[in-house]
Amino acid sequence: MKPIVQRGQNEAEIIRRKLQQHNSRFLTDFSEWCFCMEEHGQILAGIYAVRELDCVTIEYLYVEEKHRGCGYGSQLLERIEQQARAAGAKRIFLNTFSFQAPAFYEKHGYQLFAKLEPAMANYNQYFFQKLLDLE
């Protein structure tokens with residue numbers, strides 16, 4: 001039996017890329033999208049999503065606390081939706097926690113399809129999807 005060794009971020013990236021390489025034999029149409037809102041070289045808000053075939057998964061959406069409520073999150077979400085439609089995606093998936101923004105996604109037309117209550121400690125985890133109308 002081989003020893004199991006704890007490693008860091010560099011090795012985690014290698015593992016992620018190896019899995020992507022394996023998956024690329026099956027998920028033959030793949031892209032990553034990252035959009036940010038910046039001011040004076042500082043990121044105020046950003047979104048990162050992955051498209052595989054006709055599905056998009058939003059991995060991260062973040063807005064600096066002092067800029068929340070300014071519409072940055074909505075603009076970024078709309079940008080990903082536009083990008084997804086242009087690429088022919090049919091749906092967007094994401095998950096969020098109770099201490100994050102489930103109501104934000106519902107407000108933008110995302111539908112809850114699964115939840116874990118509680119998921120971790122006293123926090124709930126919510127899974128959303130949005131079916132896209134192709135324009």
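**Salt bridges in a predicted model**

Biologist: Which side chains meet in a salt bridge at 3.6 Å, N to O?
Modeller: Those of Asp-54 and Lys-90 do. The structure is a predicted model.

Biologist: Where are Asp-54 and Lys-90 in the chain?
Modeller: Asp-54 is in the loop between S2 and strand S3 (55–63), and Lys-90 is in the loop between helix H2 (72–86) and strand S4 (91–97). The pair links distant parts of the chain, 36 residues apart.

Biologist: Is Asp-54 buried, partly exposed or exposed, and what is its relative accessible area?
Modeller: Asp-54 is partly exposed, at 23%. Lys-90 is also partly exposed, with a relative accessible area of 43%.

Biologist: How many salt bridges does a search of the whole structure find?
Modeller: The search finds nine.

Biologist: Which residue forms a salt bridge with Arg-51?
Modeller: Asp-29 does, with the closest N and O atoms 3.0 Å apart. Arg-51 lies in strand S2 (residues 42–52) and Asp-29 in the loop between H1 and S1, so the pair ties together parts that are 22 residues apart in sequence.

Biologist: Is Arg-51 buried or exposed?
Modeller: Arg-51 is buried, with a relative accessible area of 7%, whereas Asp-29 counts as partly exposed at 37%.

Biologist: Changing topic, which residues are linked with Arg-17 in a network of salt bridges?
Modeller: Glu-13, Arg-16 and Glu-32 are linked with Arg-17 in that network. The side chains of Glu-32 and Arg-17 meet at 3.8 Å, N to O. Glu-32 is in strand S1 (residues 30–39) and Arg-17 in helix H1 (residues 9–23), 15 residues apart.

Terms used. Residues numbered from 1 in each chain as written. Predicted model: local features only at pLDDT ≥ 70, side-chain atom pairs only at ≥ 80, totals over all residues. Heavy atoms only, no water. Salt bridge = Lys/Arg side-chain N within 4 Å of Asp/Glu carboxyl O. Helix = DSSP H or I, 4+ residues; strand = E, 2+ residues; numbered from the N terminus. Buried < 20%, exposed > 50% of the residue type's maximum accessible area, 1.4 Å probe, protein only.
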